[in-house]
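Biologist: I'd like to learn how to read helix packing and a nonpolar core. Could you walk me through an example?

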Amino acid sequence: VYRSLLRVAANMPAAQREAAKTQARSELEASRALTDEAEIARRVKLFEDKVAFARINTPKTRSRGDQTGHTRIVYGKDGTKHLDGTGTPRDKARWTNWDGKNMDPDSVTRHYHGLKRAGFKSNAQAKGIF
């Protein structure tokens with residue numbers, strides 16, 4: 001329990017970090033002389049509650065394996081890779097066959113796949129018993 005509190009304290013802001021470590025050490029030293037099982041169990045429970053409270057109030061930090069930024073990769077028309085995002089933008093079509101009356105079959109298929117993935121089997125569940 002003491003180690004878990006020290007791990008949580010390591011993620012605390014610098015102003016609170018040393019105070020939390022000092023308080024944990026002093027409480028642990030005060031509990032060393034205890035021999036009553038009920039009192040030891042009460043102190044351990046109190047210590048676990050403090051760890052849980054500290055976890056709630058301590059801001060989360062990124063783990064060491066996470067990315068710290070983002071990279072935009074753009075491929076040019078000739079297939080070259082531009083890491084800084086300075087590739088030539090694709091030309092947008094001037095007109096399209098697909099509008100509200102005539103839907104794109106690929107979009108409809110993607111929509112139905114998303115519905116199936118979300119767990120919707122048919123429209124019967126939305127209609128009810130009528």
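Biologist: Which residues make up the largest nonpolar core here?

Modeller: Keep in mind that this is a predicted model. The general idea: in soluble globular proteins, nonpolar side chains tend to be buried together. In this case the largest nonpolar core has nine residues, namely Leu5, Val8, Ala9, Met12, Ala20, Ala24, Phe47, Val51 and Ala54. Helices H1, H2 and H3 (37–57) each supply at least two residues of this core. Take Ala20: leaving aside neighbours within four places in sequence, Ala20 is in contact with Ala9 and Met12.

Biologist: OK, now the helices. At what angle do H1 and H2 pack, and how far apart are their axes?

Modeller: Two packed helices are described by the angle between their axes and the distance between the axes. Here H1 (residues 2–10) and H2 (residues 14–31) pack at about 170°, and their axes are 9 Å apart. That angle is over 145, so H1 counts as roughly antiparallel to H2. The crossing of H1 past H2 is right-handed.

Biologist: And which residues of H1 and H2 meet?

Modeller: From H1, you have Tyr2, Leu5, Leu6, Ala9 and Ala10; they meet Arg17, Ala20, Lys21, Ala24, Arg25 and Leu28 in H2. Sorted by type, the residues of this contact are eight nonpolar, no polar and three charged.

Biologist: What about Ser4: buried or exposed?

Modeller: Ser4, which lies in H1, has a relative accessible area of 17%. The cut-off for buried is under 20%, so Ser4 is buried. Setting aside neighbours within four places in sequence, Ser4 is in contact with Val51 and Arg55.

Notes
Residues are numbered from 1 along each chain as its sequence is written. This is a predicted model: local features need pLDDT of at least 70, side-chain atom pairs count only at pLDDT 80 or more; totals for chains, interfaces and linings use all residues. Side-chain values use heavy atoms; hydrogens and water are left out. Axes are lines fitted to C-alpha atoms, for helices over the stretch in contact, and angles run from 0 to 180 degrees between N-to-C directions. Helices (H or I, at least four residues) and strands (E, at least two) are DSSP runs, numbered from the N terminus. Angles under 35 degrees count as roughly parallel, over 145 as roughly antiparallel, 65 to 115 as roughly perpendicular and the rest as oblique. A crossing is left-handed if the near helix is turned anticlockwise from the far one by less than a right angle, and right-handed if clockwise. Contact means heavy atoms within 4.5 Å. Ala, Val, Leu, Ile, Met, Phe, Trp, Tyr, Cys and Pro count as nonpolar, Asp, Glu, Lys and Arg as charged, and the others, Gly among them, as polar. A nonpolar core is a set of buried Ala, Val, Leu, Ile, Met, Phe, Trp, Tyr and Cys residues joined through side-chain atoms within 4.5 Å. Buried means under 20% relative accessible area, exposed over 50%, partly exposed in between (1.4 Å probe, protein chains only).
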